[in-house]
Amino acid sequence: MVKKLSVLLLGALLATAVSACGGNDSNNEAGSSSSSGGKGDKPELRMLMQYSRFDPNQDYSAKAVSTLTGYPIKFDMLPAENADEKLNLLVINKEPYDLMKLSAPQFYNLASTGALEPLDDRIEQFGGNIKTAISEKSWESAKIDGKIYGIPETGSGVAVSEELVVRQDWLDELGLKMPTNTDELYTVLKTIKEKKNVIPLTGSKEAVSSLLGDIAAAFGVTTDWVDQNGTLVHQIETPQMKDFLAYMNKLYAEGLLDVELPLNTAAKVMEKFANGQAAMFKLAWYNAPNAINALMANEPNAKVSLVPYLKDKTGKATVFAASGTTWYAVVPKYAKHKDDAVKLLDAKLQPDVFKELAIGKEGVHHEVKDGKYYPILPKFNDDLSNASVLMTGVDETHYPDYWAARVRKDPTLQAYFENMQKNAEGLIVTDPIALAPPIPEVAKNKLNLLQLQVDWMVNFISGTEPLTNYDAFVNEWKEQGGDEMTKGANDWYKSAKS
Amino acid sequence: MASRNRNSAASAPARRSNRGRIRADWDLYLLLVPGIAVLLLFKYVPMYGILIAFQDFRIFDGMSGSEWVGLDNFRRLFTSDDFLHVFVNTIAISLLKLVFLFPLPIVAAILLNELKNMAFRKSVQTVVYLPHFLSWIIVSGLFIDLLSINGGLVNKLLSQLGADPIPFFLSNDYFRGVLVATAGWKETGWSTIVYLAAFSTIDPGLYEAAKIDGASRLRQIWHITLPGIAPIIVLMLILRLGSIFAGDTEQILAMYNSTVYKSADIIGTYVYRMGLGKQEYSFTTAVGLFESVIGFALIIGGNYLSRKYLRRGIW
Amino acid sequence: MSSLTTKSALTGPPARRSSKIRKSGPEKLFDVCNYTLFTLIGLTTLLPFVNLLAKSLSSEEAVVSGIVGLLPVGFQFGTYRFVLQDAAFLDALGTSVTLTLIGTACSLLLTTLTAYPLSKPRLAGRKWLLLLFIFTMLFSGGLIPTYLLMHNLHLVNTLPVLFLPAMVNVFNMLVIKNYFEGIPDSLEESAKLDGAGNIRILYAIYLPLSLPVLATIALFFAVYFWNDYFNAMIYISNPGLKPLQLFLKELLASSSDFLRNATMDPDQAMNTAPQSIQAASVLLATIPILLVYPFLQKYFVKGVLVGSVKE
């Protein structure tokens, strides 16, 4: 009784406080929406975005979406951390969004619980542009039990992102040739260690992908899954992985691999290379301007070369590239404006609109040289740096060309991006399940198994765990969800092949 | 402390004669209403969520649609292979911190209090609490640099002295020490504040008298300063007991790496890693409940012991 | 424990010993050590901030290379211009200042009001009430029911959600209660004889005597509200209503977080903030709250209690 009474009492108190503050808020919202200039027949849509470092309600590209499609849009954003938890809370409380942009696990999670609206009928009715823009292969990734639950966004096409770089000036000084396989790499690292007394090779522990790469590929470890006689086997269950770890452990034990690898962040690795403490590391092209400019500022005579992708025992090189659907644009079941949401998605993919959203206006934001799009700076950066974040599905035929303008805004960036792609030409392998629809067993277990894998790999490399314990790792991995995940992947793989 | 007790003892008879004391003190109860209302509304109304620990909670089905599983989640925690080892780590690290870091702010506050140059003292006070405002991620980066074996300051000094470099962050022998030392560096200054405030209640006349008596600084500290802040020390200690079991997950997540899991993986970090991407609401709630129950028992036990032996407590 | 105080009170100052007031040798040594110790400690706690300052004023190339120590390398001031012109930063700053001011004022008031009755042993059911409060220090219903409650109260995406639930902080309440308990009952008794009610006594006698602890708790609350990002992360989705620490936390989320998210998006990686800007943001987000402490220090006066008791 007392409890109820006091709750009521406080409720009244709060209501006053809240209405005061809440009133303020709604005023603000009204103000911002009227400024984005909506037309009478097109309602304001609410869209939930992934975290990004800007306020879409103030952004040029976001305003361009409204201007070009006629829909005023109010954006909210998921946080950078705990995004999945937050998304769940928003959805179970039916926060009235008309559109959401989701990652693959989020997409599966919501679609499988019935929180998303199937879009087949509406795409048929309003989605002429959508149907031309998205390829048949991509649609597969957005289907669950045969129904389309979202517009898949594949990004800028299949591309490699990382390659080993080496201090060419040191190689020249020591009379060393560019290594082409892991044996030659060992010799080069050993010589650098003896003669220069620097860290020959550095790397970070941040993710499985930061431990794998050129060297692992030379041992045959590239994709997550490997087809062995029609059955998918995870990379950790292949003998190649063990060979790779043994090699890395040898490098580590002999001081050829940074002793602090288990501590290094990606930024730390770049720092060691940039200040001349390390001779080699795996550079991502999008970090190239940062890393290379910093090195040049410290050592103006330094020269950096890409190490061509290393060859395996048979003399063949391979390189892994991520592919498949990155994002999904979805409509929640309880959305207020489902038709309008799909109409908006369609309007954004109208070819001219899409082009302007991707690279702005010709002569203002971009120019065309030799049939290639080049950004006009600084206007391009000022207005369009968030353009790709605001995409909801892309024109899959043209987007890789448009997108390339983004790497042409800096000569170093462009050089490293293009040279890496050139080195990788013909060598790229992609994952056998890259184009699968979200597989529940994989979505559920992937993240914690990746953490488990990176931890064990670091421990094997650093010698904290001897490689004789490798079976213990595989067993734990299987127990923690690996078996479940392998089964799920194989079920899809077999059904897709038949 | 003694003089205060005497005061209250003197006023006791007057109070006892006050018969309708609840009615007389109606305004005292009125003061409690808003606080209790906020507490009930924001803390106790959602308390039913604890029951999730006994369910296999699926968020889209809600609590009514989720299955009851009894103690399954607790069984899973206690029977997990790593439980014993992370349990031991949790307690070991917490006890180390309690023993080394609980007295540190008290000592620091007393020493600060002995600084007679006010300008210096105020600047020092302001400066020592700065690290509290740095996030663990930043602090971690700082100490990784400082203790690095590739040119970190500490290892440079060690090699000057002819010692072998120590990989502090990679060694199960040293890593717990690193955790305790960095926590001390980050929080000691901040933790002095509550003691510094308590000094203001001490009668400066007592120090005057003691000086005239010829008591040394140490004796003054022991016989005036410490008794003066004893109540707040006891309060802090009892509350600290409650969090022994919770550990400092945020710090360890920011600082550890897989090579030191053996010595530094605690319940919080272990549950975090195992639950990555899995949304295991029930299991994490169960683990939290387990920690809370022990923490609450420790507070009640601590208060009981404190009442019994120090004759003061929270209630 | 009380032997010395009572003894000195009884015996009074013997003239013979008064010459010893001047500092002896060991005491001087103690002073020297003490000053040296705190100079060193102060340096270790100050230097990281000097380093941050130097980084924020250095060229990005120098910061990326990790060669900035205590002085800027490749001096520039553009980072500050950039951060201070960033609309998102300024919005967040505004939210944080408002939140901290309102939150601290409301919380201090409510916590003090709650602490006072609980500091009186004569309060019926005091033990159980205290347990009711302490219970919530350890047990909570968790995120899901709490979010549901906020949703039903229409608090989601508003400023009050960031301070209403935090208004009664049990730890802070216990510290104030503890302090109130140290104030001699005789003061209350004499005021009662003059016919003052409890609220009047709290206002006229207890509060003026408790300025040190109230200043401390005000600081604790201010720092709590300033530093809290978690509640905003959960309850605020409107990017214009983010407080500064959430803005900062997301700014510092390095490319590694994107790696961990399993979906590696090169556009996001290209968009991470330069480290010199990160350093400038950390400093700009920390300095306002640092300014509070020196301001509150003046309330830490020695012997506040005694003066009044002697009156």
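The model is predicted. In chain A, the sheet is open and its pairing is mixed. Chain C has 18 helices and zero strands, and its domain assignment gives domain 1 (19–76) and domain 2 (80–305).

**Sheet of chain A: order and edges**

- The four strands of the open sheet in chain A follow the order 8-11-7-12.
- Strand 8 (199–201) and strand 12 (304–306) of chain A are the edge strands; each has a single partner strand, so one side of each lacks a neighbour in the sheet.
- From one strand to the next, the twist averages 30°.

**Sheet of chain A: strand pairs**

- Strand 8 and strand 11 of chain A run parallel and are joined by two bridges.
- Within that pairing, A:Ile199 has A:Ala278 of strand 11 as its bridge partner.
- Strand 11 of chain A also pairs with strand 7 of chain A, in the antiparallel sense and over five bridges.
- A:Ala284 in strand 11 of chain A is the bridge partner of A:Glu162.
- Strand 7 (residues 162–167) of chain A runs antiparallel to strand 12 of chain A, and three bridges join the two.
- Opposite A:Val166 stands A:Ser305, in strand 12 of chain A.

**Burial of strand 11 in chain A**

- Strand 11 of chain A spans residues 278–284, and seven of its seven residues are buried, so the strand is largely enclosed by the rest of the structure.

**Chain C: overall content**

- Chain C has 311 residues, of which 46% count as buried.
- Of the contacts in chain C between residues at least 6 apart in sequence, 71% join residues at least 24 apart.

**Chain C: contact between the domains**

- The centres of domain 1 and domain 2 of chain C, taken over C-alpha atoms, are 29 Å apart.
- Eight residues of domain 1 of chain C and seven residues of domain 2 of chain C take part in the contact.
- On the side of domain 1 of chain C that touches domain 2 of chain C, helix 2 (25–56) and helix 3 (60–64) of chain C each supply at least two residues.
- Helix 2 of chain C gives the most to this side of domain 1, with four residues.
- By class, the side of domain 1 of chain C that touches domain 2 of chain C comprises four nonpolar, two polar and two charged residues.

Terms used
Residues numbered from 1 in each chain as written. Chains lettered and ligands numbered in written order. Predicted model: local features only at pLDDT ≥ 70, side-chain atom pairs only at ≥ 80, totals over all residues. Domains from an automatic or database assignment. Contact = placed C-beta atoms within 7 Å. Nonpolar A, V, L, I, M, F, W, Y, C, P; charged D, E, K, R; others polar. Pairing = 2+ DSSP bridges. Axes fitted to C-alpha atoms, helices over the stretch in contact; angles between N-to-C directions. Buried ≥ 20, exposed ≤ 12 C-beta atoms within 10 Å, placed from the backbone.
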